[in-house]
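Please examine the sequence and the structure shown below. The briefing that follows is arranged by topic.

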Amino acid sequence: MIANIVKPGNNTYGVLAYLFDKGRANEHTDQHNVASWDDFIPDPGPWDSPGHKRRLGQLTQALDLRVEQAGDKAPKGHVWHCSLRAAPEDRVLTDAEWTSIARRVLHATGIAAEGDPDGCRWVAVRHAQDHIHIVATKVRGDLRPPRNWNDYHRAMNELTAVEKDFGLTRVPRGPEAAAGTSAVKRSTRAEKEKAKRLGNGKTARERLRHTVRTALSHSKDLDEFFNLLADAGLQVETRKLPSGDLQGYKVALPDDGPPIWFSGSNLATDLSLPQIRQRLAASEDQPAATPSGSQRRPNPWHVATAAAERIPRHLAHADDGAVQAHLAVFGEVLYALPAHAPAPLQAELHRAAVAFEQAAHTRARADHQHARALRGALKAMRYQPTDHTGLAMLLDTAILVVLAVQHRRTLHHHDRQVAAARQTLTHLQAAYNQAAPTSLAALARHQPLHSAVHRYAAALHGVLPRHVEQILTEDAWPALTAAEAVGHNPATVLQQAAQHRPLNDAKSVSEVLVWRIQRLGQRHAPGNEARTRATRLLHARPTPQAPANTTIPAPQTPRPHRSR
């Protein structure tokens with residue numbers, strides 16, 4: 001729950017008239033008093049109810065009575081106006097619950113202490129399901145002003161106790177606020193209303209932020225960043241110091257009429273020019289192939305997956321700066337993926353990137369030197385043909401990363417970030433479910449002979465006896481046998497894959513093993529001689545046999561993909 005105490009004013013009637021009116025966009029409904037210092041004061045009711053203005057004037061006179069009595073001794077800004085808003089995911093509170101919350105906040109702030117007959121006069125007004133407004137006049141019964149110094153912080157401290165007592169979403173405050181408050185700049189009411197009038201689902205600020213993040217995810221330096229913004233159709237202006245050095249930038253949509261400019265920092269704090277410079281400088285170049293061809297350029301999809309696999313460990317053990325660096329570049333990866341994915345996946349991946357922005361980006365200052373490998377792989381993807389198997393493999397790892405982020409946010413009681421992480425998971429899982437079947441089917445087409453499959457199943461019995469029955473019945477079993485049919489010792493690689501990631505909570509153990517073995521095969525790709533030797537071992541050399549009661553599925557066309 002959030003409190004917002006506005007700057008003191010002098011127009012009691014004007015504040016009340018707004019609260020009981022229909023609102024700028026007809027958003028006020030069922031306007032009524034929730035509670036007040038006196039249960040018998042008039043309730044103006046909705047703006048169009050009979051006698052509304054007369055009752056509104058009576059309420060104003062009652063609230064202002066002591067102000068008139070104090071005369072020149074009354075404070076210049078005698079109207080105290082505080083709104084209390086519940087979190088979007090909270091249940092709808094009753095009027096009785098809002099009454100209790102209002103009284104507790106008034107007591108904590110010193111406006112009207114419980115049991116004080118001389119407390120300030122006040123009224124709590126409700127015109128929406130998720131919030132109330134408290135209006136008070138700052139003159140006590142003894143005609144002195146209240147002692148409400150530091151009222152905002154006192155109100156927020158009381159709301160922490162309110163959240164616990166009422167079972168509401170816990171909002172980070174104090175030291176934890178820096179780690180739990182989004183760095184994204186929210187759109188204003190005017191921006192939302194303009195987008196609605198124009199029939200746009202997103203505000204200009206949101207559309208610009210998405211375009212800037214996408215351009216940043218593909219850029220290797222500032223020049224390329226600005227060129228990509230211009231290629232995307234944005235108006236771009238840069239600002240320079242007298243020395244000629246770049247000081248900042250701003251962007252606007254190519255709409256008709258005068259452009260409405262937004263600086264990078266007005267889109268999100270991590271999109272300011274200094275932050276972008278740090279991120280672009282923290283990229284680890286991928287090694288190029290030597291003239292003799294002895295060193296292969298690593299597949300960036302495999303490098304990105306390997307780097308992403310390490311993020312959950314960083315979340316558990318690294319400091320806040322390193323954690324934020326890894327999450328920032330992982331967010332860039334999500335923004336870049338739609339450009340590499342087939343058209344049916346792009347919408348889900350875009351939604352995942354937007355949701356993860358809320359789940360991960362905070363006010364914690366990122367130390368971008370901690371995420372050089374993943375950012376370097378991200379930049380290299382732009383020059384690598386789209387790898388659909390690599391995409392499915394990276395999505396599989398991305399789901400684990402977001403689960404780790406969700407766990408971290410849960411431990412810190414960052415409920416809004418937890419909800420955003422859940423949304424990210426929903427979209428990533430949907431994208432994975434579309435991407436995986438094609439890649440698994442392509443692998444399964446290279447399934448070895450039945451005798452080799454039987455030997456592979458025997459190796460599986462030796463390494464993963466607890467999971468073997470499940471694996472042999474899963475849709476990805478043919479792809480798993482093909483993933484390691486040649487090039488490596490099956491038992492050794494299976495053991496490495498099983499040790500790297502827990503399998504107890506996997507919906508499809510075989511899929512987890514497929515993607516892990518694919519990456520291990522890329523990292524430890526054998527030479528021609530080793531490949532030939534491993535092939536002979538798999539097809540010819542006797543291996544421990546599977547138990548007699550185990551049925552080994554014969555080579556077959558892959559079955560329809562089952563949700564992972």
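Where is the place of Leu143? Leu143 is found in the loop between β5 (131–137) and α4. The structure is a predicted model, in which local features need pLDDT of at least 70 and side-chain atom pairs count only at pLDDT 80 or more, while totals for chains, interfaces and linings use all residues. Residues are numbered from 1 along each chain as its sequence is written, and side-chain values use heavy atoms, with hydrogens and water left out.

**The chain as a whole**

- The secondary structure of the chain comprises 23 helices and eight strands. Helices (H or I, at least four residues) and strands (E, at least two) are DSSP runs, numbered from the N terminus.
- Of the 564 residues of the chain, 51% count as buried. Buried means under 20% relative accessible area, exposed means over 50%, and partly exposed lies in between (1.4 Å probe, protein chains only).
- Among contacts in the chain between residues at least 6 apart in sequence, 74% join residues at least 24 apart. A contact means heavy atoms within 4.5 Å.

- Most residues other than glycine have a negative phi.
- Leu143 has a positive phi, near 65 degrees, although it is a residue other than glycine. Leu143 counts as partly exposed because its relative accessibility is 32%.
- Asn150 is also placed in the loop between β5 and α4. The phi of Asn150 is positive too, near 60 degrees, in a residue other than glycine. With a relative accessibility of 32%, Asn150 counts as partly exposed.

**Helices α3 and α4**

- The axes of helix α3 (residues 95–109) and helix α4 (residues 151–166) come within 8 Å and cross at roughly 145 degrees. Axes are lines fitted to C-alpha atoms, for helices over the stretch in contact, and angles run from 0 to 180 degrees between N-to-C directions.
- The crossing of α3 with α4 is right-handed. A crossing is left-handed if the near helix is turned anticlockwise from the far one by less than a right angle, and right-handed if clockwise.
- On the α3 side, the residues that meet α4 include Glu97, Ile101 and Arg104. On the α4 side, Asp151, Leu159 and Phe166 are among them.
- The residues of this contact divide into eight nonpolar, two polar and six charged. Ala, Val, Leu, Ile, Met, Phe, Trp, Tyr, Cys and Pro count as nonpolar, Asp, Glu, Lys and Arg as charged, and the others, Gly among them, as polar.

**Aromatic rings**

- A pair of aromatic rings is described by the distance of the centres and the angle of the planes.
- The structure holds four aromatic pairs. Rings of Phe, Tyr and Trp (its six-membered ring) pair if their centres lie within 6.5 Å; planes under 30 degrees apart count as stacked, over 60 as edge-to-face and the rest as tilted.
- The pair of Phe225 and Tyr249 is edge-to-face, because the ring centres are 5.8 Å apart and the planes stand at 90 degrees. Phe225 lies in helix α8 (residues 222–231) and Tyr249 in strand β7 (residues 246–252), so this pair ties together parts that are 24 residues apart in sequence.
- Phe225 counts as buried at 0% relative accessibility, and Tyr249 counts as buried at 3%.
- The rings of Phe330 and Phe356 have their centres 5.1 Å apart and their planes at 75 degrees, so this pair is edge-to-face. The pair links distant parts of the chain, with Phe330 in helix α13 (residues 320–340) and Phe356 in helix α14 (residues 343–360), 26 residues apart.
- Both Phe330 and Phe356 are buried.
- Phe225, Phe226 and Tyr249 are linked into a cluster by ring pairs.

- Ala398 lies in helix α16 (residues 388–411). Its relative accessible area is 2%, so Ala398 is buried.
- Not counting residues up to four places away in sequence, Ala398 touches Phe330 and Leu428.
- His340 lies in helix α13. At 9% relative accessibility, His340 counts as buried.
- Not counting residues up to four places away in sequence, His340 touches His218, Trp301, Met381, Arg382 and Thr386.
- The C-alpha atoms of His340 and Asp387 are separated by 8.2 Å, and the two residues are 47 residues apart along the chain.
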